[in-house]
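Reader: I would like a close look at one part of this model. Keep it brisk, please.

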Amino acid sequence: MRPAKPSTTSWCAAAIVAMTAVSGSLVAAQSAPDGENGRYTMTPIPEGVLRLDTRTGTVSTCSKNGAGWACYAVPDERSALDAEIGRLQAEVEKLKGQLAAGPTVSGKIDEALPKSDPLKKAEPKVAEGERKLEIPLPSDQDLDRAMSFLERAWRRLIDMANRVQKDVSGRI
C-alpha cells in the first residue's frame, strides 16, 4: 500500500468534520420538543386552553379531565369549504366537457323553423288606417233576460224599502 499524501489526508479530515457538524445540527433540530420553535400557540379559555398548531393551522381545545390533559381538534369549516369548492370545480369541468362535446338534443334538424305559429288562426291583412274594432252585440233574447233580471232586482229593492219603512213607522 502506498502512503497517503498530507493534502489528501487533510481534505478527508475536513470533510468528516463538516459531515459531523451537519448531522449533529440535524439531530439536535429533530430532537427539539414541539413546544419550542413556536410550533404551538396557547391561549387560555374558560374551559382550559386553546392550542393553535402554527405549522398545520389546526386548532384544538385542551382541557383537564380525570386522567390528565386531553386535546380535541376543533371542527374546521375551512376544510368543508375546500371540499365543496373542489366538488364544484370538478362538476364545472365535467359540464364544460359535456358542452364541448356538442349538443345532445335528439331530433334536431338543420332546417330553420317557421317564424309563425301554424296553429294560430290567420288574421286578414288590414292597412293601419283601416283597422276596425268589432264588438258583437247581444241578441234580443239576451236583452230580454237582462231586463227581466233588472225588473226582479228592482222589485226586491222596493219591497225591502217598504218593509224598512213599515218597521220604522211602527216603532215611532
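What is the relative accessible area of Cys71, and is the residue buried, partly exposed or exposed?

Author: Cys71 is partly exposed, because its relative accessible area is 36%. That class lies between buried, under 20%, and exposed, over 50% (1.4 Å probe, protein chains only). Its disulfide partner is Cys62. Cys62 counts as buried, because its relative accessibility is 6%.

A word on the basis. The model is predicted, so local features need pLDDT of at least 70 and side-chain atom pairs count only at pLDDT 80 or more, while totals for chains, interfaces and linings use all residues. Residues are numbered from 1 along each chain as its sequence is written, and side-chain values use heavy atoms, with hydrogens and water left out.

Now the link itself. The structure holds 1 disulfide (a pair of cysteine sulfur atoms within 2.5 Å). In the link of Cys62 and Cys71, the sulfur atoms sit 2.0 Å apart. The angle about the S-S bond is 110°, and the link is right-handed.

Next, the strands. A strand here is a DSSP run of E, at least two residues, numbered from the N terminus. Strands pair if DSSP finds at least two bridges between them. Strand E3 (residues 59-65) and strand E4 (residues 68-73) run antiparallel, joined by 6 bridges. Thr61 has Tyr72 in E4 as its bridge partner. A hairpin of 2 residues connects E3 to E4.

E3 also pairs with strand E2 (residues 48-53). This pairing is antiparallel and has 4 bridges. Leu50 is bridged to Thr61 in E3. Leu52 has Val59 in E3 as its bridge partner. The hairpin of E2 and E3 has 5 residues between the strands. There, Gly57 takes a positive phi near 85°.

Cys71 is partly exposed, whereas Cys62 counts as buried.
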